[in-house]
Amino acid sequence: MKSANFNSFLALLEEMGQAFAKAVRYALGALATMSWPALMASAIALALAISIVPLALTLFVIFMLVKLIIGACFVSTRRDKSASPLNADDKRD
């Protein structure tokens, strides 16, 4: 005997499959009615999007890592300067 949660999960999967099939049918219908130049332009735009978005995300991650590393170096040097013996004289009083 199946539980109610499993039945609702199966219903959700079936609904998702129907929505996906409807979207694919709509996209294929739109592609079938496009002229050749419009089809070529959409293919080029899709190729650019597929190649540029991962590049932009990768560069963003690299620059954020560089920023964090440089920031960590400056924070550690500032901490070292604040713990220097020159500041220890002030604490003796």
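Read along the sequence, this chain runs α-α-α. Its secondary structure comes to three helices and zero strands. The model is predicted, so confidence deserves a look before detail.

**Confidence**

The mean pLDDT of the chain is 86. Of its residues, 85% reach 70 or more. Confidence is highest in helix α1 and lowest in helix α3.

| Helix | Residues | Mean pLDDT |
|---|---|---|
| α1 | residues 4–33 | 93 |
| α3 | residues 85–92 | 55 |

Where pLDDT is low, the predicted coordinates should not be read in detail. Helix α3 has the lowest mean in the chain.

**Surface**

How many of the 93 residues count as buried? The share is 0%. The accessible surface of the chain comes to about 8600 Å². Carbon and sulfur atoms account for 74% of that surface.

**A nonpolar patch**

Seven names make up one nonpolar patch on the surface: L55, L59, I62, F63, V66, I70 and F74. Together they have about 670 Å² of accessible area.

Take V66 as one of these patch residues. V66 lies in helix α2, which covers residues 36–82. Why does V66 count as partly exposed? Its relative accessibility is 39%. Buried means under 20% and exposed means over 50%, so a value in between counts as partly exposed. V66 therefore falls in the partly exposed class at 39%.

Methods: Residues numbered from 1 in each chain as written. Predicted model: local features only at pLDDT ≥ 70, side-chain atom pairs only at ≥ 80, totals over all residues. Heavy atoms only, no water. Patch = residues over 30% accessible without salt bridge, like charges linked within 9 Å, V, L, I, M, F, W, Y side chains within 5 Å. Areas by Shrake-Rupley, 256 points an atom, 1.4 Å probe, with all protein chains shown as cover. Salt bridge = Lys/Arg side-chain N within 4 Å of Asp/Glu carboxyl O. Helix = DSSP H or I, 4+ residues; strand = E, 2+ residues; numbered from the N terminus. Buried < 20%, exposed > 50% of the residue type's maximum accessible area, 1.4 Å probe, protein only. pLDDT = per-residue confidence, 0-100.
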